[in-house]
Structures are given as C-alpha cells and as structure tokens.
Amino acid sequence: MEAHAGLFVGLLLIVFAISREYTFLLPRYDFIFAAALLIQSLLIIFKFETMSEVRAITFFHIVGFVLEVFKTHPSIGSWSYPEFGYTKILGVPLYAGFMYASIGSYMMRAWKDFELSIIHPPKRWLAVLLASLVYLNFFTHHYIFDFRYILIALILFVFRKTTIHYRAFGGVRRLHSSLVFFFFGIMIWIAENIATYLGAWQYPHQSLGWHIVHPQKIISWALLVIISFIIVASRDKAWRGLER
C-alpha cells in the first residue's frame, strides 16, 4: 500500500534520474515537465486519481509554484534552477509544481489506502488559520521575525489531543498527529536529498558540488506537511462530525 500511495513520488524521482543521462534532445527541465505531465495524465486515464483529487492537487501546484517563484528570486536565493528550460516562468521550471502535487497525491492516496481517520481534531477554521499563517511565514520571515517556532508551539497545542488512526498489518494503529507531521518531514527531507543529488534543483551550498541538505530543513518540511495535511483533511466530511 505504501508503494501504491507513493507512486507519483517514486515515478518523479525515476524521471529525475533518467534525465541526468537521457532527455531525448529536450532541455532537461522541459523533459522532466513533459514526463510529469504524462505521468499525471496516465494516473487520470487509469483512474488512479479522480477528477476531484486532481482539483485538489492543482491547488498544491499553485501553492507550491508561488512559493517557488518567491524563494528562487535573486533577492531571496533560497535555492535555484540554474539550467536552461523553455518551460521556465520567472526562473522556475513548471515541473516544480508537480513536486508539491506529489506530496498532495501521496497524502490523498494514503488517506484511502490506510483508511485514515482523525480522532479529536481541532476546529477546522482554526487548523486552516494555522496552515495559512505557516504558509505566510515562509514569505515574511525574510523581512520580519521568523515565527516558525511560535507556530510550531501553537500547532502542538492545538493538535495536542489529535491522533491519526490507520489500518496496517491487519489491524488499526494510531499515532499522535505531531509524530505523523515529523515523520513525513523526515521522509520528504530524504526525498529532497535524493532529488538535489539528481540535480532537480540546487541550494547555494551545492553550487560547487552536491552536499547533504541541512537536517534543519526537516522542520520546514514538517511545517509544509501540516499545510498539506490540513488541505487534504479538510476534504474529509468526517472532520466536521469529529470536531471537539
């Protein structure tokens, strides 16, 4: 089931690896974008993803691409896409949105495959507000105080009673929501190291050669996971009935 849920992520990493050697006469970024489009189309054609899920994934595209444009701007320079590509807009290749969409795709598939359910969730309006503040802080911390640790404290407090129940190994398991967020943060950080090693994007300290991404990025990814989780969970009608 894990492989089923992570199919989009796995295929995208394979495309990154293939594109190091073979791009079939296309600029690398354009090849990756074309391959990502093909993968997404096949997932829809073979009903791996429904149109409702695709609409939600499109939202991940938009959220991720806006963040990418800001973070890669020369005045910010958090990371970059140094290679040429016809499908680059404002310095960001269009395949970048698929990387965020792959996280959303994984969560939506896992929600079904593992029969996830939320126990004692916070009010949805409060969760959405926190997710919005986390997303906003990704931008504003470059200009004002970085509120991430304050936001983490608020999230831990708001989700203090929330557990995630899922079905695996023949039974129902449960984890505290904070462990789920942290676990996913680690998994994305591992995937990020693989992706940067394969040249999907580049951090400033990797300009002269690949180096491991600083483990501190796990916190950033965990925060992004919280945003993604709330987007996906908000689609679950059961949340309204379970709110406390």
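**Close-up 1. Salt bridge between aspartate 146 and arginine 148 in the predicted model.** Aspartate 146 and arginine 148 form a salt bridge in which the closest N and O atoms are 2.8 Å apart, in a model that is predicted. Aspartate 146 is partly exposed, at a relative accessible area of 25%, whereas arginine 148 counts as buried, with 13% relative accessibility.

**Close-up 2. Salt bridge between glutamate 83 and arginine 28.** The side chains of glutamate 83 and arginine 28 meet in a salt bridge, with an N to O distance of 3.6 Å. Because glutamate 83 lies in the loop between helix 4 (51-72) and strand 1 (88-89) and arginine 28 in helix 3 (residues 28-45), the pair ties together parts that are 55 residues apart in sequence. Glutamate 83 is partly exposed, its relative accessible area being 31%, while arginine 28, at 10% relative accessibility, counts as buried.

**Close-up 3. The largest pocket.** This pocket holds about 940 Å³ of space and is lined by 40 residues, of which Ile103, Ile188, Glu192, Trp201 and Trp221 lie nearest its centre. Two or more lining residues come from each of helix 2 (7-18), helix 4, helix 5 (96-113), helix 8 (177-197) and helix 9 (217-233), and helix 8 gives the largest share, nine residues. The lining of the largest pocket comprises 25 nonpolar, nine polar and six charged residues.

**Close-up 4. The second largest pocket.** About 300 Å³ of space lies in the second largest pocket, whose lining of 12 residues has Tyr106, Tyr166, Leu175, Phe183 and Phe184 nearest the centre. Helix 5, strand 4 (163-168) and helix 8 each give two or more residues to this lining, with the largest share, four residues, coming from helix 8. The lining residues of the second largest pocket divide into 11 nonpolar, no polar and one charged.

Key: Residues are numbered from 1 along each chain as its sequence is written. This is a predicted model: local features need pLDDT of at least 70, side-chain atom pairs count only at pLDDT 80 or more; totals for chains, interfaces and linings use all residues. Side-chain values use heavy atoms; hydrogens and water are left out. A salt bridge is a side-chain nitrogen of Lys or Arg within 4 Å of a carboxyl oxygen of Asp or Glu. Buried means under 20% relative accessible area, exposed over 50%, partly exposed in between (1.4 Å probe, protein chains only). On a 1 Å grid over the protein atoms alone, a cavity is a set of points where a 1.4 Å probe fits but cannot get out, and a pocket is an open set with protein on both sides within 12 Å along at least five of seven lines; lining residues have an atom within 4 Å of a point. Grid points are joined across faces, edges and corners, and a volume is the space filled by probe spheres set on the points. Ala, Val, Leu, Ile, Met, Phe, Trp, Tyr, Cys and Pro count as nonpolar, Asp, Glu, Lys and Arg as charged, and the others, Gly among them, as polar.
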